[in-house]
Amino acid sequence: MTDILSKEEKIESHEKALRRYLQRDACIDCTETNWDDFAVHDEIWNSVAGRLEGRLHLSCFEKRLGRLLKLEDFTDFPVNNMLKLGYSIGIRQ
Ligand SMILES: [Zn+2]
């Protein structure tokens with residue numbers, strides 16, 4: 001039985017697929033994989049990221065903003081529930 005792709009070509013193909021998958025979730029500033037989910041009010045997002053399409057880590061977003069996000073910066077969307085819990089128990093201030 002003959003394979004169409006060599007072993008090296010298969011590895012390269014898998015690496016490319018993995019890279020594409022990870023880039024989909026990459027932070028546009030630091031390029032690290034980003035699974036931070038948060039939603040801030042439009043005016044705050046727009047002041048920092050404008051019409052930018054993509055994802056930012058919470059910390060990278062705060063770097064751009066020049067300050068830490070405050071509880072009132074976040075929307076009421078359920079995606080923020082864990083963050084809000086962090087504020088309520090003092091992990092975030
Ligand atoms: Zn980042």
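## Basis of the model

Helices are DSSP runs of H or I with at least four residues and strands are DSSP runs of E with at least two, both numbered from the N terminus. By this definition, Phe 61 lies in helix H3. The structure is a predicted model, in which local features need pLDDT of at least 70 and side-chain atom pairs count only at pLDDT 80 or more, while totals for chains, interfaces and linings use all residues. Residues are numbered from 1 along each chain as its sequence is written.

The predictor's confidence in each residue is expressed as pLDDT, on a scale from 0 to 100. The chain has a mean pLDDT of 87, with 94% of its residues at 70 or more. Where pLDDT is low, the predicted coordinates should not be read in detail.

## Overall architecture

The chain contains four helices and zero strands, giving the element order α-α-α-α from the N terminus on. The C-alpha trace spans about 65 × 30 × 20 Å along its principal axes. The radius of gyration, taken over C-alpha atoms with a globule rule of 2.2 Å times the number of residues to the power 0.38, is 19 Å for the chain, whereas a compact globule of 93 residues would have a value near 12 Å.

Burial is assigned from C-beta atoms placed from the backbone: a residue is buried if 20 or more other C-beta atoms lie within 10 Å of its own, exposed if 12 or fewer, and partly exposed in between. Buried residues account for 5% of the 93 residues in the chain. Two residues are in contact if their C-beta atoms, placed from the backbone, lie within 7 Å. Of the contacts between residues at least 6 apart in sequence, 53% join residues at least 24 apart.

Phe 61 counts as buried because it has 21 C-beta neighbours inside 10 Å. The C-alpha atoms of Phe 61 and Asp 29 are 8.7 Å apart in space, although 32 residues separate the two in sequence.

Ser 59 also belongs to helix H3, which covers residues 58-65. Ser 59 is partly exposed, with 13 other C-beta atoms within 10 Å. Between the C-alpha atoms of Ser 59 and Leu 71, twelve residues apart along the chain, the separation is 15 Å.

Helix H2 (residues 42-49) lies largely in the open, because the number of buried residues among its eight is zero. Ile 44 is found in this helix and counts as partly exposed, with 17 C-beta neighbours inside 10 Å. From Ile 44 to Val 79 the C-alpha to C-alpha distance is 17 Å, over a sequence separation of 35 residues. Gly 50 follows H2 and has a positive phi, near 55 degrees.

In helix H4 (residues 81-88), the number of buried residues among the eight is likewise zero, so H4 lies largely in the open. Just after H4, Gly 90 adopts a positive phi of about 85 degrees.

## The loop between H1 and H2

Thr 31 is located in the loop between helix H1 (7-24) and H2. Although Thr 31 is not a glycine, its phi is positive, at about 65 degrees. Thr 31 is exposed, with 11 other C-beta atoms within 10 Å.
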